[in-house]
Amino acid sequence: MAVIFTALITAAAGCVRYSFTGTSIPAEVRTIYIPFFPDQSQSGLGDLSDRLNQALVQRFINQSRLSLENDLENADAYIEGAIQNYVNRPFSVAGNEQANLNEVQITVRALFQYADDEEPLWNKNFSGNATYDVLDNPVDGEIEAARQALEQIANNMFNDAVSNW
């Protein structure tokens, strides 16, 4: 009987879904301030800061219990940083020695801190990358690859902020 009970508990535990709902964020932390990250990358793409900000806001508002605060002074936590580097380089070369895929790589330096803490929870670099077909539609491809890279960065920043791993 104990073997069957153990098997049922183990099977049920495998069905539990893990969710980032802000459960590892302290209970007293209810708001977050997310300013625009200045673009210091000289990428030539004018909306990287807007795209990163939107991606971060969406993560924290839709996937955690935190609400957005409009200024640092009233926030319980904040995330800030800068877009440091943007690289667009050949990723794959065809037989004619012409690139057929390019890779966009973006690096962001960021920190996450609770307002009442002396030190940030983390302060580090995040990178995201994506490839695109330069022969198909190079301008739209680069923009889409940059969007995907920023989404990766936003996901990683969010995950690091809401988990204690």
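Guide: Let's start with I79: setting aside neighbours within four places in sequence, I79 is in contact with I32, Y33, I34, P35, F37, L56, F60, L111, F112, W122 and M157. This is a predicted model, where local features need pLDDT of at least 70, side-chain atom pairs count only at pLDDT 80 or more, and totals for chains, interfaces and linings use all residues. Residues are numbered from 1 along each chain as its sequence is written, and side-chain values use heavy atoms, with hydrogens and water left out.

Visitor: What makes something a contact?

Guide: Contact means heavy atoms within 4.5 Å.

Visitor: Which residues touch the most other members of the largest nonpolar core?

Guide: Those are F60, I79 and I106, out of 38 residues in that core. Buried means under 20% relative accessible area, with exposed over 50% and partly exposed in between (1.4 Å probe, protein chains only).

Visitor: Why are α2 and α3 called oblique to each other?

Guide: Their axes, lines fitted to C-alpha atoms over the stretch in contact, with angles from 0 to 180 degrees between N-to-C directions, cross at roughly 40° and come within 9 Å. Under 35 degrees counts as roughly parallel, over 145 as roughly antiparallel, 65 to 115 as roughly perpendicular and the rest as oblique. So α2 and α3 are oblique.

Visitor: How do you know what counts as a helix?

Guide: Helices (H or I, at least four residues) and strands (E, at least two) are DSSP runs, numbered from the N terminus. The chain has three helices and five strands.

How values were computed:
Core = buried A, V, L, I, M, F, W, Y, C linked by side-chain atoms within 4.5 Å.
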